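Reader: I have a model to look at and some questions about its side chains. Can we go through them one by one?

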Amino acid sequence: MLRSADECWAITDEAAGNQRQALALAGALGLPVRHLVLEPRPPWSWFAPRLLVGGRLALPAAQRELFAPPWPRVAVGCGRAAALFTRLLRPLSGGACHTVQILDPRIDPAHWDTVIAPRHDGLQGANVLTPLGSLHPIDEAWLADARLAFHEFGELPQPRVGVLLGGPRKGIALDPEYGEALIRHLLADQAAHGGSVLVTASRRTPPALFNVVRDALRDIPGLCWGSTRDGPNPYPGILGWADRLVVTPDSVNMLSEASAVGCPVGTLVLAPLPAKIARFHRNLREAGLLGEIGDDIREGHEPLRETAALARVIAGQMSRHGPAGAPA
């Protein structure tokens with residue numbers, strides 16, 4: 001793709017969750033999107049986004065060629081490493097590039113034109129937007145495409161229960177014991193209602209947890225996907241066809257995307273959650289978007305689809321400013 005000043009850069013590291021958020025928002029802005037995967041070298045990687053001196057030298061030579069003029073009309077970054085480069089773009093472009101940083105950059109948000117941080121982070125500022133969940137591309141068209149791509153799931157018996165497995169994080173243990181507790185609920189539900197169970201693991205899912213779940217569901221209609229060795233990742237198809245979803249409590253991204261589908265979503269919490277995650281769960285529950293596994297969760301809530309609305313806000317901010325970031 002030829003370089004153009006009238007495009008959007010989505011800047012991320014290799015983390016799949018960061019890429020998904022940045023690309024979702026960039027795509028919603030309606031400009032040609034260029035995805036830059038940038039990994040700063042030490043010492044910049046140690047202090048990002050604080051250390052700016054010689055910032056372009058933070059990149060290996062090949063990546064430095066990508067991070068070069070013409071500077072884009074807007075740049076969307078997600079993650080701490082990306083925050084270094086979205087911050088750099090303001091002075092490098094003379095304010096002509098509207099800089100957007102997703103997730104709390106851990107320094108003054110005034111270094112960017114717009115910062116998007118989920119409500120449970122508690123970040124405040126005149127330029128801070130605070131959605132309930134994380135950003136994603138899921139809407140009716142996305143779900144329809146997912147059902148078409150995985151049309152065979154439509155032949156599975158209903159109710160189709162999708163299970164999204166994350167991984168352990170500080171304060172949340174997802175181990176074989178957790179898997180056994182989860183399986184007790186899933187098997188009891190299947191015995192009472194029939195249907196099928198479709199399980200997908202993430203990159204963070206411990207093999208020991210996945211093996212417990214897979215072995216226990218071996219005779220239940222559905223599938224258990226652990227890696228590309230099992231074929232294409234069925235995650236979109238599971239979201240597209242699920243009548244109910246069960247999500248482990250650790251992942252803001254997966255809980256946000258499950259809440260965008262429009263079907264009931266449950267989770268299994270076995271111990272007190274870390275404060276930020278607990279606030280996020282509470283916000284979802286208050287919105288009617290999340291319950292405990294096995295709860296009679298009402299359908300008909302408004303799906304959690306915030307990306308398009310945030311893109312409209314950013315487009316409005318851009319239209320009110322001239323090429324150097326001053327009011328037009």
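Predicted model: local features only at pLDDT ≥ 70, side-chain atom pairs only at ≥ 80, totals over all residues.

Reader: Is the pair of Trp 9 and Phe 67 stacked, tilted or edge-to-face?

Author: The ring centres of Trp 9 and Phe 67 lie 5.9 Å apart, with 55 degrees between the planes. Stacked needs under 30 degrees, and edge-to-face needs over 60. The pair of Trp 9 and Phe 67 is therefore tilted.

Reader: How many residues apart in sequence are the parts tied together by Trp 9 and Trp 71?

Author: Trp 9 and Trp 71 form an edge-to-face pair, 6.0 Å centre to centre. Trp 9 sits in strand β1, and Trp 71 sits in the loop between α3 and β3. So the pair ties together parts whose separation in sequence is 62 residues.

Reader: Which residues do ring pairs link into a cluster with Trp 9?

Author: Trp 9 and Phe 67 are buried. Trp 71 is buried too. Ring pairs link Trp 9 into a cluster with Phe 67, Trp 71 and Phe 85.

Reader: Is Thr 307 buried or exposed?

Author: Thr 307 is found in helix α11. Its relative accessible area is 6%. Buried means under 20%, so Thr 307 counts as buried.

Reader: Which residue's backbone oxygen does the side chain of Thr 307 reach?

Author: Beyond its neighbours within four places in sequence, Thr 307 is in contact with residues including Ala 24 and Leu 135. At 2.7 Å, its side chain reaches the backbone oxygen of His 136.

Technical notes. Residues numbered from 1 in each chain as written. Heavy atoms only, no water. Phe/Tyr/Trp six-rings, centres within 6.5 Å; stacked < 30°, edge-to-face > 60°. Buried < 20%, exposed > 50% of the residue type's maximum accessible area, 1.4 Å probe, protein only. Helix = DSSP H or I, 4+ residues; strand = E, 2+ residues; numbered from the N terminus. Polar contact = N/O pair within 3.5 Å; in protein donor to acceptor, adjacent residues only side chain to side chain. Contact = heavy atoms within 4.5 Å.
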